[in-house]
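Subject: Handing over the structure, with notes

Dear colleague,

Please find the structure below, followed by my notes on what was found in it. I would be glad if you read the notes with the structure open beside them.

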Amino acid sequence: LMDYIAALPDHVEYLPYEYVMEKQLHVSRESVRRALQELRNIGMIKTVRNRGSKIIRRRLSGPAVADTDLLQDRQFAFIFVSNTESRERDYGYLPWNVSSALEKVLSMHGSTLLMYDMRGSEYREGENKLVTELMRQKINAAVIHYNREIDIGKLSLLLLGHDIKPVILFRSMSHFEDHKHCFPRGTDFVCMNNERALYEKLEKSCKSTRNIFYVTHENDRGWSDSRSHAVELFCREYSVKFTRLTMDIPKSDLLTLEERRYCGYNAIISVLEELRDGKETMILAANDEYAIGVLDALTELKLSLPRVQLIGYDNEIDCRKYKISTFDFNADEFAAEAFYLLKCYIKNPEESLRISNGRLINSTYIHRSTAL
């Protein structure tokens, strides 16, 4: 934003509206507002009633960003659990994407991000060995990507006991709601509000829809139910018929892409008569892998837009060639919010360790060829 201001013509006295900068800078409205507040704090802009943000200074003397000196030569940790031992395909793509985005931001400020896989053999014995390693590396803040294999309350308490600030990343509101009671004071979090994003998309596009189907597998209900609950809420509010198609075959603890594709296909075949009744229908798949199978069945049955819409989830790289409309977890925004919380801690560590801060972000809808 500072570069944006510096590049504006001299005759421009006021910044554009927030929604304009949101589009021009390709960031969220919340990110724009937070950046504007920081520029007000350092005296580059001021708010003029009924006019907006007036430019006071176009450049800062000295370092471009005051935080650079604070973050220079610091090390931070990124703690996660990979599933590479149990599956050939790495299902942990979100932790990798978020950590990569966070590493780039930290690197711009002279900091380093060290990765710690809790499934690694050196940390199997428990969290104490991990904390010992963090202390040896003089790390005083750690970003933790939530996984059910991590005792998040125990780990947060242990980190805070050694003056290490925990910032937890939750990929759904249901995960956050299930664990918020076990956070010790001083634990920060960033939470992806998939449920809100999904509800808002349905409210925008599906008020006239008569049937909504939600496709998943029994073994995936632990992470997919929170999304289906948002769909059920919408259906109750707008009197839309809701059907959850929960498959129980194949019998597999960790489903592969082909197994989920098989489930998606058979789920649609099981409701063939309902799909042929001529009513407007939305099919929501728990993720893109199910959506591919659904698309296979719809293509075979010659059912398509505008009468039947299909939306997946996760925006998986392997599935993008099918051009399925979907939702993206927005790894860059995840990383930006985590960076903001880390920066707040570095600026005022004593206060940050006394309180807990949280940031909520929405997943992003990606429009492709299977939904309006």
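Helices (H or I, at least four residues) and strands (E, at least two) are taken as DSSP runs and numbered from the N terminus, and the expected span of a helix is 1.5 Å times one less than its number of residues. The model is a predicted one, in which local features need pLDDT of at least 70 and side-chain atom pairs count only at pLDDT 80 or more, while totals for chains, interfaces and linings use all residues. Residues are numbered from 1 along each chain as its sequence is written, and side-chain values use heavy atoms, with hydrogens and water left out.

The chain as a whole

The protein chain contains 15 helices and 14 strands, and its C-alpha trace spans about 70 × 60 × 35 Å along the principal axes. Its radius of gyration (taken over C-alpha atoms, with a globule rule of 2.2 Å times the number of residues to the power 0.38) is 23 Å, which agrees with the value near 21 Å that a compact globule of 372 residues would have. Of those 372 residues, 51% are buried, where buried means under 20% relative accessible area, exposed means over 50%, and partly exposed lies in between (1.4 Å probe, protein chains only).

Contact here means heavy atoms within 4.5 Å; of the contacts with a separation of 6 or more, 71% come from residues 24 or more positions apart. The accessible surface of the protein chain is about 18400 Å², and 49% of that belongs to carbon and sulfur atoms; these areas come from the Shrake-Rupley method with a 1.4 Å probe, and for residues only the protein chains shown count as cover. As for charge, there are 52 positive and 54 negative side chains, with the centres of the two sets 6 Å apart. In that count Lys and Arg are positive and Asp and Glu negative, with His and the chain ends not counted, and each charge is placed at NZ of Lys, CZ of Arg, CG of Asp or CD of Glu.

Helix H13 (residues 288-300) has 13 residues and reaches 18 Å from its first C-alpha to its last, close to the 18 Å expected at 1.5 Å a residue. The helix is mostly covered, with 10 of its 13 residues buried, among them Asp288, Tyr290, Ile292 and Leu295. What do the buried residues of H13 pack against? Their partners include the helices H11 (257-269) and H12 (272-275), together with the strands E8 (211-217), E10 (281-285), E11 (308-311) and E12 (326-328).

The loop between H13 and E11 holds Lys302, whose phi is near 60 degrees, a positive value in a residue other than glycine; Lys302 is exposed, at a relative accessible area of 73%.

Thr326, in strand E12, is buried at 0% relative accessibility. Beyond its neighbours within four places in sequence, Thr326 is in contact with residues including Asp288, Asp314, Tyr365 and Arg368. Asp314 lies in the loop between E11 and E12 and is buried at 2% relative accessibility; its phi, near 100 degrees, is a positive value in a residue other than glycine.

Helix H3 and the residues after it

H3 has 13 residues and reaches 19 Å from its first C-alpha to its last, close to the 18 Å expected at 1.5 Å a residue. Its buried residues are Ser31, Val32, Arg34, Leu36 and Leu39, and what covers them includes helix H1 (2-7), helix H2 (18-25), helix H14 (331-347) and strand E13 (358-361). Just after H3, Gly43 takes a positive phi of about 80 degrees. Met44, in the loop between helix H3 (29-41) and strand E1 (45-48), is buried with a relative accessible area of 1%.

With best regards
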